[in-house]
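Welcome, and please take a moment to look over the model below before reading on. A guided walk through some of its contacts comes after it.

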Amino acid sequence: MSSEVVRHLLFQSHMATKTAHMSPQVFDNEEKQKKETTRSLAMSGHVGFESLPDQLVNRSIQQGFCFNILCVGETGIGKSTLIDTLFNTNFEDHESSHFYPHVRLKAQTYELQESNVRLKLTIVNTVGFGDQINKEESYQPIVDYIDAQFEAYLQEELKIKRSLFNYHDSRIHVCLYFISPTGHSLKTLDLLTMKSLDSKVNIIPVIAKADAISKTELQKFKVKLMSELVSNGVQIYQFPTDDETIAKINASMNGHLPFAVVGSMDEVKVGNKMVKARQYPWGIVQVENENHCDFVKLREMLICTNMEDLRDETHTRHYELYRRRKLEETGLTDTGPENKPLSLQETYEAKRHEFYGERQRKEEEMKQLFVQRVKEKEAVLKEAERELQAKFEHLKRVHQEEKLRLEEKRRLLEEEIIAFSKKKATSEIYQNQPFMTPGGNVRKDKDRKNSSFM
Amino acid sequence: MKKRQKKNGGSPMDPLRQSPSPSSSRASSPRTLPCEMLGYVGIEAVLDQLKIKAMKMGFEFNIMVVGQSGLGKSTMVNTLFKSKMWKSTMLGLGVPTPQTLQLQSVTHVIEESGVKLKLTVTDTPGFGDQINNDKCWDPILGYINEQYEQYLQEEILITRQRHIPDTRVHCCVYFVPPTGHCLRPLDIEFLQRLCRTVNVVPVIARADSLTIEEREAFRHRIQENLKTHGIEVYPQKCLDEDVNDKVLNSKIRERIPFAVVGADREHIVNGRCVLGRKTKWGIIEVENMAHCEFPLLRDLLIRSHLQDLKDITHNVHYENYRIFRLNESHVLPRGPGWVNLAPAPASVPAPAGPQATPGPPKVCRWAKDNSDEEF
């Protein structure tokens, strides 16, 4: 029973945050008290503006509707099959691989038509979610994608020449979060991802492949899941109960969250009808049988009853939150009572001026720095030059000295040579003189010796 | 119900050249694949969801009636909405004619079959009543632009309201006096300026003073005049797109301006109780198509084109104002030195300072004496 109470409390707190946003109604009352000009008037006949809702509906039919669903879940958990079953078509798909290194998102847009209602449906699937070994970065691409869609819409809204009525709204209206049917509790990855998404998008958690859990286990599992979500402060989407026509059914559906779904496009003969079902050796799980799974409830809630509310919530709550954060980030605020017209513009211009001044200053700084550096470099180079010069001088001197010394040596050497040659000449003269007088025989002998040699 | 298209022949200054048609978004959206559904899904239940939401939120409609005094504006409004919006003023000898043009707004909430409509009617007593009527359209233009300004201010706030109260004038009904000749210079001047800012529906007032032939001739001449001076009244031709729209709107355009008679008294005719004017020579039934064209006006304004009027105001006129307003703050010299933002344009009187809390349309601050003008 405590889980029921807990769930009820969560629901109530959610409603409280919702009523906080209903300021215009409170506003109206205040204004009424202040001004007393808005009164009810009784008419004495049929005017005819009861056709107003029809006029509105006709315009919407012409415009067509736009609905964007984001499916987050591990590979192979049955996201594509469920979407196929929900919209009763075979969207083009093929099995995704398990080996992607990063989580990516794949978006596809389809045009559906039912009687006179045209729906532009965009399905965004996460590819490779939960497949990596390190899952720390798994949820970041999803958050970034959602923010990117908000950003695109914000940019369009802030343009000067804009065409909002023409704009293809790609903001995610609902996020179907697929929980794997372990039967125990939420995985950490699931908790982390949902926590980071709950303020950006309407989350509807579903238990995928619910035919893997038995009925009793399912009940316990649901209770466990909801209590975990509540205790971790994850805000999932609660179906609105402020309008009497759908309040009752929405409130009862709120108690069945998360929906345990089975998806299948295969048809099996049951009784004498062909129904969508999954056939097992031990039985047939019918998709549209309320006893077997909550698929019909999901379809009912998602499409037939609350599609418009989902879109409304996305636009008025999640988008406004994003817009406010983004604008506040850039430093803009709603200024006080003394604002001139278009304070947004003024602050923007002020900032631009500021940045411009900043840039000027930085340029100056850079210039100064540059000049200084150049000077330093010059000084260093000059120093080097001087040093080189000094060295050169020194070397030159050394050479001069060497040269002088060598000259000196040469001179000495030459003198010695002259002295030696003189000595040699004198000594030769002395040698030849003793052989002139007695030496006739000796001379003949010498000649005889010499001639025998010759 | 209506689609719009950019008409290539429009002049560059033509403010109505935009195309608010959402259906032309098909070409610009990403690659979409048409899909065949194999069974019932329940998408069309979204229409009911829309209806429920709309009924809960209620509708708003702001209408302005412009014309000289004595043309039956207040009576017309009373007849349109079948209630005593205003006590018809009859300027007696004791009441001085208003020296300047004053605008008075009155807001009522009316309900029919669960549909709540917050109706605001703005009257302009004193229009065209002075000797010198030069620039008598300025206060009116100022008022209209002020409503746009208010909406713009609300829209660019950082913390916006969930539902911005819409006080912009959706339709301006212009009463042409039944001279039987052609449009007067005052009419032409006024219509020329106003048709670029707001949806204008001209009507021939007090049409019971014209015979059927005179009426037709007058209507014809007015249409000629409108064409000569390039005045595009609602439904604007350049905003037609669909063949169906063209056909429907051409039929309406043939009959513009409607010759109307207003009455808030009931008389017995052939055992039925009808709204009408009783004269010595007969009773003019307001709702009888043979007598006057009031039913056409009522159908146009309320039963078939109300949402369309609001759409065009929001998608075309308001956007034009926004572009103009945002552009003029961008005309700043590039470079050091910050030029103060240009103040609001000359035709718009300085907007009231703290507009951070716009409420439902208040009685206009120009109105000096409204104590016995409204119920």
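What follows is a tour through helix packing, strand pairing and salt bridges.

This is a predicted model, in which local features need pLDDT of at least 70 and side-chain atom pairs count only at pLDDT 80 or more, while totals for chains, interfaces and linings use all residues. Residues are numbered from 1 along each chain as its sequence is written, chains are lettered from A and ligands numbered from 1 in the order in which they are written, and side-chain values use heavy atoms, with hydrogens and water left out.

Two packed helices are described by the angle between their axes and the distance between the axes. Here helix α3 (residues 138-155) and helix α8 (residues 306-328) of chain B have axes that come within 10 Å and cross at roughly 80 degrees. Helices, like strands, are DSSP runs numbered from the N terminus (H or I with at least four residues for helices, E with at least two for strands). The axes are lines fitted to C-alpha atoms, for helices over the stretch in contact, with angles running from 0 to 180 degrees between N-to-C directions. α3(B) and α8(B) are therefore roughly perpendicular to each other, a label for angles of 65 to 115 degrees, where under 35 is roughly parallel, over 145 roughly antiparallel and the rest oblique. On the α3(B) side, the residues in contact (heavy atoms within 4.5 Å) include B:Tyr148, B:Leu152 and B:Glu155, and they meet a set in α8(B) that includes B:His317, B:Tyr321 and B:Arg325.

B:Glu155 also leads us across to the other chain. Side chains of opposite charge can pair when their charged atoms come close. A:Arg162 and B:Glu155 meet in a salt bridge at 3.1 Å, N to O, the term standing for a side-chain nitrogen of Lys or Arg within 4 Å of a carboxyl oxygen of Asp or Glu. This pair crosses between chains, with A:Arg162 in the loop between α5 (140-158) and β5 (174-179) of chain A and B:Glu155 in helix α3 of chain B. What does A:Arg162 meet in helix α8 of chain B? Its side chain forms a salt bridge with that of B:Glu319, at 3.0 Å, N to O. B:Glu319 lies in helix α8 of chain B and A:Arg162 in the loop of chain A, so this pair joins two chains. A:Arg162 counts as buried because its relative accessibility is 4%; buried means under 20% relative accessible area, exposed over 50%, and partly exposed in between (1.4 Å probe, protein chains only). B:Glu155 is buried at 10%, and B:Glu319 is buried as well.

Over all chains, the structure holds 47 salt bridges. One of chain A's links A:Glu313 to A:Arg317, with the closest N and O atoms 2.8 Å apart. Both residues lie in helix α10 (residues 307-329) of chain A, 4 residues apart, about one turn of the helix, and both are buried. In chain B, a network of salt bridges links B:Lys82, B:Glu287, B:Arg298, B:Asp299 and B:Arg303.

Now for the strands. In chain B, 3 strands form an open antiparallel sheet in the order β8-β9-β10, where pairing requires at least two DSSP bridges between two strands. β8 (266-269) and β10 (282-285) are the edge strands, each pairing on one side only. β9 (residues 272-279) joins β10(B) over 4 bridges, and B:Gly276 stands opposite B:Glu285.

In chain A, 4 bridges join the antiparallel strands β8 (residues 267-270) and β9 (residues 273-280). A:Val268 has A:Val275 as its bridge partner. These strands form a hairpin with 2 residues between them, and A:Gly271 in the turn has a positive phi of about 70 degrees.
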